[in-house]
Amino acid sequence: MQPIVPEPRNARGPSRRALLTGAAGLAGLGLLTLTGCSSGASAGTTDLPEAAATGTARSGGRLRIARPAASAAETLDSASSLSAYEYLGALYNRLVKLDQQGRTVPDLAEEWSANQDGTEWTFRLRRGVRFHDGSRFSADDAIASIRHILDEKTGSPQAGVLGEVMDARSMTAVDTYTLRFALTKPNAEFPSLLTAYQCYIVPAGAIADIGRTGIGTGPFRLSSFTPAGAGSVEAFDDHFAGRPALDGIDFYSIQDTTARVNALLAGQIDLISQTNLDFATARVVAASDRATIARSKNAQWYTIPMLATSEEFRDPRVRQAMKLAYDPRTIVDTALQGTGSPGWDNPVPPQLAAFVDDHREYDPDKAKALLRAAGRSDLRASIYTSSYESVFTPMAVAYRDAVADAGIRLTVKNASSDSYYTQIWMQKPLMVSYWFTGRPIDQLLNQIFRSGSSYNESAWSNERFDGLLDDARAEMDDAKRLTLYQDAQRLVVEDGADMTPMFGDRLVGLSRDVVNYSEYGFEFDYLRIGLRR
Amino acid sequence: MTTTTSKPSDVLVPVLRRLGIAVLTVVLASLFVFLAVQALPGDVAQQLLGQNATPDAVKQLRESLGLDQNVWLRYLQWLAGAVHGDFGTSLVSGEPVAPTLFTAFRNSMLIAVPAMVVGVTLSLALGVIAGVRRGRASDRVISIVSLVVMSVPEFMVATVLVLLFAIGLPLFPAVVLRGSDATVGELLPTIWLPIIVLTLAMAAYIVRTARSSTIDVMASEFVTTAELKGLTMRRVVWKHAVPSALLPTLNVVALNVAWLLGGVVVVENVFNYPGMGKLMLESVFNRDLPTIEAIALLSALVYVVCNLAADLVALVLDPKLRTRQRRARTRSRTGTRPTRKAAA
């Protein structure tokens with residue numbers, strides 16, 4: 001059930017983390033002294049490595065991954081909101097995927113083109129691809145898989161996104177390897193919507209029980225799977241892009257973050273997935289002999305949504321003041337200890353090609369003036385946080401301190417992590433939140449910022465912004481479309497209600513034996529990752 | 001003899017009353033747990049979906065989980081089933097609750113029983129030793145160590161042990177990898193650290209209670225009498241002092257045993273140990289009512305049984321209780337009973 005939003009499974013870690021904060025801290029101290037003694041280096045000053053180790057992997061070997069399982073309801077059906085995220089990339093392929101800059105690149109589709117107005121898209125599919133059960137991949141499988149996403153009964157989070165431009169009858173197989181989409185509205189960014197991790201392609205005949213069988217075209221085939229338990233995948237020799245470096249991967253589910261870290265340090269596992277380690281723990285791991293840290297750059301998109309419908313933040317001048325009043329660089333320095341980049345309230349991550357690189361000013365005096373003009377010079381509010389994610393509370397505190405200069409008095413309120421996203425999120429006027437980066441630009445802006453979208457966490461509504469997004473979708477000229485997206489970003493920075501103080505690197509714990517670990521957005525390189533010779 | 005007529009009511013009435021209270025306790029526990037779960041924010045669908053809990057998605061999931069029914073109705077249905085031994089199916093996994101709970105309970109027993117046997121024996125012995133040798137060096141060491149162990153929370157002990165014996169010196173695995181799929185054979189190498197943690201966590205309390213009650217008993221008149229009679233110290237301690245000293249300790253032991261059998265959330269979590277505590281934490285997080293109710297029922301049962309057992313053992317151990325009965329019987333023959341009736 002993962003990452004369109006980082007979720008409940010993450011929530012469960014922290015709910016225990018709340019319970020065990022002390023344990024982690026104390027364990028940290030203990031480990032620091034232990035490793036400090038053994039390596040003779042002062043662990044307290046260990047810098048976190050910038051990049052994962054690269055090199056030639058030995059052929060074969062099994063990687064052991066510890067993951068925070070969502071719940072016993074999890075399934076291998078990627079379309080479902082309860083999918084077991086880590087398995088998906090190993091088992092399946094999509095038609096298209098994203099590169100590091102957020103551009104759509106081939107996966108099972110080799111090339112694609114649109115008609116003049118972007119209402120008809122034709123994908124030419126890769127030939128000679130086999131599913132794990134030996135059957136051949138064809139356009140019919142793609143059609144069935146996407147229909148399954150659109151099917152109301154599946155309850156897929158991507159159904160709404162795709163449903164806006166198409167329905168089950170929009171697809172036709174022109175021939176075995178040609179797939180045509182006749183959209184209900186023009187969309188120049190349509191292929192990027194198929195890069196979501198719900199859009200994996202499975203055999204048409206296997207959809208009914210795909211949640212258990214996991215049959216796909218991916219580099220690994222399923223050998224066992226228990227929801228919220230252990231499972232294994234084995235190298236698939238007939239994978240179209242060649243055999244993976246590993247012989248197989250064993251997935252184990254460990255709910256407690258401290259327990260996952262202990263397992264890594266004890267050498268029981270090689271990689272901790274979907275876990276952003278807190279700094280104390282990350283330093284301990286980096287200083288240990290067996291394990292180290294790799295960063296998934298700007299993987300965590302931190303936000304401070306102001307509810308645009310609330311009495312406090314209805315006035316755009318107040319929202320503007322809340323932004324001008326703080327310097328995101330200080331938040332990065334304190335809350336992230338430098339392991340990230342300032343966001344300057346632009347939700348588009350800096351690595352994306354569509355990113356507009358002219359950031360707003362930092363001007364507490366202007367913020368004060370705006371508040372005076374709005375009649376809110378004595379702005380008092382509560383900012384909600386929880387132990388849901390390790391950076392939440394440091395971020396809330398850093399933000400509170402940063403805006404104090406502009407006369408804004410915030411009280412930090414800590415809420416229970418296990419109901420944070422059901423009771424606080426989208427309900428309290430001011431709170432901290434986060435998403436995983438990895439959405440293509442069109443989906444990012446439409447899903448989180450468009451009026452009325454169910455993921456619009458600040459309930460912001462701006463007609464001009466919605467209009468820009470519509471224009472962009474209808475604009476087939478890449479350069480002109482880019483300008484529209486950049487205007488939309490500027491509008492979010494100026495008027496929007498969802499602040500983006502920063503993008504944080506995900507601090508991933510992994511064994512020193514692991515080479516070629518690479519992960520960005522929702523893309524994990526299962527093909528090249530391997531174990532050191 | 002008259003004893004035959006008075007005996008059944010003497011023993012049966014209190015036992016029946018105890019049993020009645022026990023059943024009531026269990027039923028009430030299930031009701032309170034139900035109310036508590038209702039008071040928690042969010043339902044299964046919302047908890048599972050988290051940030052993806054858009055109105056449409058929640059509605060869709062609720063329908064597919066059968067949550068559109070009235071909660072009270074579902075509770076009563078569950079209760080009716082439970083009376084017949086059917087604990088229903090989990091709202092999350094869709095699997096029947098009973099086998100899942102049984103596996104988790106078995107796994108918990110695997111660490112609880114050894115911890116219990118070792119812990120109770122060891123701590124009673126240490127407590128008595130400390131009590132008898134009050135003020136001597138051995139007493140000081142035992143008292144201070146038990147005080148320290150008592151003050152350190154068990155997750156801390158667990159973490160330190162993992163640090164020393166799984167990471168520093170890789171003798172034991174740090175966590176259970178295979179989760180609820182693990183067989184007893186697979187669990188065996190992993191149970192040692194949890195057992196040590198539980199033993200330590202439990203032992204400290206028992207040591208301290210046993211010590212103080214031993215001190216009390218050793219200062220009492222009948223021990224002095226026994227000593228003056230010329231009995232050896234060993235005989236005085238084991239024959240006379242210990243049985244009396246154990247009495248006040250019994251309830252502490254019973255509570256600790258129940259605590260162990262009820263699954264120890266924190267310890268199981270640190271070791272990723274697939275027992276009842278972990279199952280409970282997960283089902284509470286997911287608001288999986290049938291599973292929570294089944295766990296509550298089992299835990300309440302364990303508590304009730306442990307306390308009942310403690311009372312029965314007390315009956316066996318307590319010389320006063322036995323003699324009082326004998327005295328009561330003699331008195332009834334000499335005409336005390338009519339007076340009591342008159343008073344009533």
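In this predicted model, helix 7 and helix 9 of chain B cross in a right-handed sense. Helix 7 spans residues 154-168 and helix 9 spans residues 192-218; their axes come within 10 Å and cross at roughly 140 degrees.

**Contact between helix 7 and helix 9**

- Helix 7 of chain B contributes Glu154(B), Val157(B), Ala158(B), Leu161(B), Val162(B), Phe165(B) and Ala166(B) to the contact.
- From helix 9 of chain B come Leu193(B), Ile196(B), Val197(B), Leu200(B) and Ala201(B).
- Sorted by class, the residues in this contact are eleven nonpolar, no polar and one charged.

**Chain B as a whole**

- Chain B has 16 helices and zero strands.
- It consists of 344 residues, of which 43% count as buried.
- When contacts in chain B between residues at least 6 apart in sequence are considered, 74% join residues at least 24 apart.

**Helix 3 and its surroundings**

- Helix 3 of chain B covers residues 55-65, and its residues Ala57(B), Val58(B), Gln60(B) and Leu61(B) are buried.
- Viewed down the axis of helix 3, these buried residues fall within an arc of 165 degrees, so they line one face of the helix.
- As a general principle, an α-helix has 3.6 residues a turn, so residues three or four places apart point the same way.
- The buried residues of helix 3 of chain B pack against helix 2 of chain B, residues 44-49.

Terms used:
Residues numbered from 1 in each chain as written. Chains lettered and ligands numbered in written order. Predicted model: local features only at pLDDT ≥ 70, side-chain atom pairs only at ≥ 80, totals over all residues. Axes fitted to C-alpha atoms, helices over the stretch in contact; angles between N-to-C directions. Helix = DSSP H or I, 4+ residues; strand = E, 2+ residues; numbered from the N terminus. Left-handed = near helix turned anticlockwise from the far one by under 90°. Contact = placed C-beta atoms within 7 Å. Nonpolar A, V, L, I, M, F, W, Y, C, P; charged D, E, K, R; others polar. Buried ≥ 20, exposed ≤ 12 C-beta atoms within 10 Å, placed from the backbone. Arc of directions from axis to C-beta.
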